[in-house]
Amino acid sequence: MAPKSIDAVDDQIKDVIQDLFQIQVATHNYAGPQTQQELVRLITQLAGSLAILSDDASALPDQIPPEIIDYVDSGRNPDIYTREFVELVQKGNQYLKGRSEALTGFRDALAEEMVKAWPEMKTDVDSVLQSSNTEQNKREEIVVQTNGTST
């Protein structure tokens, strides 16, 4: 089955609302057994409309994370969820950036001490440093391209 558009699902929601309105009118104007058949027909029509709506709505692509839906269902503001999520991501990024910088400093200090202890390994240490700097520069370029900013 091809995915339905949001407009088609919106039209089906309007049909369900119309069916509910017709049931309300028929209930308000209830006139005994002759109205009962009409109510049965309207309720059957409503059940069919709800089944179609459920099937088509479940075929829509999910664009809203379920966590946000749960957040809203519990009566909270989705903007607060978004802000908290962004703050959490920023905190994680800062932690990883600090860790990366610490490891880079350790790498450089280790290389310096290795060259002092074994001067004959200077070319090997320099080649390792150069290759790790090249890999780090590639990672930084990817981050810059992703964020659209430069460091």
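This is a predicted model: local features need pLDDT of at least 70, side-chain atom pairs count only at pLDDT 80 or more; totals for chains, interfaces and linings use all residues.
The side chains of S132 and R107 are joined by a polar contact of 3.2 Å.

**Around S132**

S132 sits in helix α5, which covers residues 122–147. A polar atom of the S132 side chain also lies 3.0 Å from the backbone oxygen of L129. Is S132 buried or exposed? Its relative accessible area is 18%, so S132 counts as buried. The cut-off for buried is under 20%.

R107 has another partner. Its side chain meets that of D108 in a salt bridge, 2.9 Å from N to O. D108 is partly exposed, at 35% relative accessibility.

**The overall fold**

The chain has 5 helices and 0 strands. Read along the sequence, the pattern is α-α-α-α-α. Of its 151 residues, 16% count as buried. The accessible surface comes to about 12,000 Å², and carbon and sulfur atoms hold 59% of that. Now take the contacts in the chain with a separation of 6 or more: 46% of them come from residues 24 or more positions apart.

In soluble globular proteins, nonpolar side chains tend to be buried together. Here the largest nonpolar core has 9 residues: V9, V16, I23, A26, L39, L42, L46, L53 and L60. Helices α1 (6–28) and α2 (33–58) each supply at least two residues of this core. Which residues does L39 touch, leaving aside its neighbours within four places in sequence? L39 is in contact with I23, A26, T27 and Y30.

**Charged pairs**

Side chains of opposite charge can pair when their charged atoms come close. The whole structure holds 8 salt bridges.

| Pair | N to O distance |
|---|---|
| K14 and D10 | 3.6 Å |
| E87 and R83 | 3.9 Å |
| D108 and R107 | 2.9 Å |

K14 and D10 both lie in helix α1, 4 residues apart, which is about one turn of the helix. K14 is partly exposed at 48% relative accessibility, and D10 is partly exposed at 34%.

E87 and R83 are 4 residues apart in helix α4, so about one helical turn separates them. E87 is partly exposed, at 44%. R83 is partly exposed too, at 47%. Elsewhere, salt bridges link E112, E113 and K116 in a network.

**A nonpolar patch**

F85, V86 and V89 form a nonpolar patch on the surface. Together they have about 240 Å² of accessible area. F85 belongs to helix α4, residues 78–117. Its relative accessible area is 47%, so F85 counts as partly exposed.

Technical notes
Residues are numbered from 1 along each chain as its sequence is written. Side-chain values use heavy atoms; hydrogens and water are left out. A nonpolar core is a set of buried Ala, Val, Leu, Ile, Met, Phe, Trp, Tyr and Cys residues joined through side-chain atoms within 4.5 Å. Buried means under 20% relative accessible area, exposed over 50%, partly exposed in between (1.4 Å probe, protein chains only). Contact means heavy atoms within 4.5 Å. Accessible areas come from the Shrake-Rupley method with a 1.4 Å probe; for residues, only the protein chains shown count as cover. A polar contact is a pair of N or O atoms within 3.5 Å; within protein, one must be able to donate a hydrogen and the other to accept it, and residues adjacent in sequence count only if both atoms are side-chain atoms. Patches are made of residues with over 30% relative accessible area and no salt bridge: like charges are joined within 9 Å, nonpolar side chains (Val, Leu, Ile, Met, Phe, Trp, Tyr) within 5 Å. A salt bridge is a side-chain nitrogen of Lys or Arg within 4 Å of a carboxyl oxygen of Asp or Glu.
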